[in-house]
Amino acid sequence: MRTFLKRLTPINAAIAIGSPLLIVGWHMLATWDDRRLDKIADELCSTADFYGAPHPNHAGTKLFYAQTGDQGINAYLVEPATELKLLLFSHDQSHLQGVGLLGWSTDDSLLAYSVRSPHGSVVICGANSATPVATVPESKIILDGVWLSPEALVYVNNNQDFSLLRKSGEEWHKSGLFPKPPASAPDKPDESASPKPVKQKKKASRSAHSEAVKYLTALSGNSVAWQQGGTIWKYAIGSEAPVKVWEAGANTLLNFSFSADRNVFRMSCTNVDGRFIYEVLAGNIWDDEPAGTAGMMKVASDGMIKAWTFFPHGQGYAYATASHIVIQADTNSMPVQLPWSGGVDALSASDHNIFVIGAPSNGPVSIWNYDFNAGSLTCAVPGNEIPFKYSKVTDPTEMVAAEANGTKINYHLFPPANFVAGRKYPLVISFSGHHWRPQEAAVVNAGCFLATCSGIPPEEDTLAVYRSATQNPNIDVNRVYAMGVSAGAHYSEQLLQSSPKLWRGAVLLSPVVFPPPAQLKVARLLIDSGGNDAYLKAHGGLGTLTKFQDEGALVGMPVTLAFHEDASHVYRSKIAEKGRILAILKFLAAD
């Protein structure tokens with residue numbers, strides 16, 4: 001990591017001479033506090049940053065997951081009951097798209113995953129030993145995969161080429177599943193050419209330019225289904241072409257599952273009325289009449305749902321809201337509601353378990369296992385490796401801000417870790433959601449209040465949060481910062497441009513574009529970026545950052561720049577993450 005805490009050029013050196021007490025005082029404080037801040041950064045960065053969703057086997061006894069390591073991601077195979085943990089692979093932080101699990105074999109004896117470094121390949125491993133039994137080259141990015149049997153795996157790449165890996169003797173052989181279709185063809189079979197009982201077997205070609213394939217699902221040992229946009233397709237191995245199963249029409253299709261026991265497709269959809277599940281019998285897929293009320297069930301208002309998963313057997317589902325995880329195990333059972341206020345990053349399911357990446361209450365993210373047969377919730381993979389000694393987790397207060405027109409905005413307000421009643425503290429308003437992350441934890445451990453918004457709100461909503469939070473008598477209205485990542489960083493810049501008198505500065509994480517510094521007119525800025533950020537490189541890379549820093553010095557706006565040479569736009573390295581956390585801690589603790 002290269003860090004420019006105060007980059008001295010002839011321009012800003014002159015400014016430093018003009019204000020020696022400010023500069024010297026800043027460095028005295030940073031030096032005095034460095035040891036404690038470094039220990040806090042170590043603790044915060046010891047927490048797990050999980051990559052993608054967890055992937056349990058069908059029985060729920062083993063779990064594949066990936067998390068950030070020192071230089072990229074590490075993928076593990078773990079048995080939650082015994083805490084046995086095996087390293088499957090390590091992958092550098094570049095070229096991570098398409099890296100991950102392709103699924104468990106139908107008998108849970110094998111698993112397959114894809115990697116892109118040092119060479120693109122599909123790796124098949126024994127589920128007990130994690131030892132590779134086959135490696136098949138694949139140069140393209142793999143989007144999804146599914147096992148049809150312990151001897152057959154289907155996957156699709158980003159060119160929308162479907163491949164079949166089939167075991168023959170001791171060898172695994174790759175073949176194409178079917179040729180790419182022409183650009184246009186009829187979607188439905190000719191009603192006059194075929195009797196109704198066999199309509200679903202007729203050919204219906206896909207567009208060559210259709211949307212990305214996702215949610216590959218095994219229908220049998222010889223057939224698969226998948227989603228493209230608002231359409232579900234299926235294909236029987238050896239047949240001429242895929243067949244359309246269902247089309248969303250006026251609804252938005254989010255995902256689907258298939259119950260082999262009931263021969264039913266279940267589609268999770270939204271429309272203006274909320275989230276619904278539609279059921280369609282596989283044998284009646286060409287019926288002109290809609291499924292009707294008997295095949296439709298309302299789940300919730302869609303805005304409530306933060307994450308969703310179906311059970312593999314196709315008869316149950318689970319979803320997360322801002323306050324609960326709701327589990328509907330099957331069509332006959334009563335839903336279970338688990339209180340859950342710490343946020344959910346991902347949900348996945350085995351036949352009898354729900355695995356959650358998140359936290360039941362405010363604190364480091366872990367992987368949790370809910371066994372709905374036993375009705376028990378246990379931690380499958382703890383989220384922090386080092387017990388917190390110097391860092392603190394502070395509990396938020398749920399707040400409501402009101403706009404002039406009466407619109408209400410919910411936000412969370414976290415107190416500083418060193419809070420003492422009667423003292424004044426800076427406030428940071430963040431746009432990365434409500435739940436615990438090291439970068440937000442760094443804010444409160446640097447001695448600031450933190451107000452978190454859900455995503456990037458309209459500017460009037462942010463100003464309402466600003467007005468509400470600054471009513472707190474312990475918040476110093478003259479020390480309010482905006483903080484955002486990527487698009488959130490650009491949004492923070494826009495706030496500073498439109499209302500510069502409200503803000504003391506901003507923390508800009510992985511920003512890409514910058515306005516002229518003269519338009520910001522704030523007291524101080526922190527920019528934290530990676531040298532391998534492809535978006536930043538497209539806009540000039542490090543040269544753009546240092547130019548902005550120099551232009552800021554010209555207008556009297558000091559810019560602190562932390563630059564991590566090996567980091568990408570999204571940090572997938574604990575070394576880079578610690579550099580970022582330390583930069584946030586030092587910048588905010590200095591105010």
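This is a predicted model: local features need pLDDT of at least 70, side-chain atom pairs count only at pLDDT 80 or more; totals for chains, interfaces and linings use all residues.

Modeller: Residues are numbered from 1 along each chain as its sequence is written, and side-chain values use heavy atoms, with hydrogens and water left out.

Biologist: Why is serine 366 called buried?

Modeller: Buried means under 20% relative accessible area, exposed over 50%, and partly exposed in between, with a 1.4 Å probe and protein chains only. Serine 366 has 7% relative accessibility, so it counts as buried.

Biologist: What does the side chain of serine 366 reach at 2.8 Å?

Modeller: It reaches the backbone nitrogen of glycine 383. A polar contact is a pair of N or O atoms within 3.5 Å; within protein, one must be able to donate a hydrogen and the other to accept it, and residues adjacent in sequence count only if both atoms are side-chain atoms. Serine 366 also touches, among others, Phe50, Val356 and Cys379 (contact means heavy atoms within 4.5 Å), not counting residues up to four places away in sequence.

Biologist: How do you know that β23 and β24 pair?

Modeller: Strands are DSSP runs of E, at least two residues long, and helices are runs of H or I, at least four, numbered from the N terminus. Two strands pair if DSSP finds at least two bridges between them. Four bridges join β23 to β24, which run antiparallel; one of the bridges sets alanine 318 against isoleucine 327 in β24. A hairpin through three residues joins the two strands.

Biologist: What makes β22 and β25 edge strands?

Modeller: The open antiparallel sheet has the order β22-β23-β24-β25. β22 (307-310) and β25 (336-339) each have a single partner strand, so one side of each lacks a neighbour in the sheet.

Biologist: Which residues of β23 point one way, and which the other?

Modeller: Tyr317 and Tyr319 point one way from β23, Ala318 and Ala320 the other way, and all are buried.

Biologist: Why is helix α4 described as largely enclosed?

Modeller: Eight of the eleven residues of α4 (residues 459-469) are buried, so the rest of the structure largely encloses this helix. The buried residues include Asp461, Leu463 and Tyr466. The elements against which the buried residues of α4 pack include β30 (397-402), β34 (475-485) and α5 (487-498).
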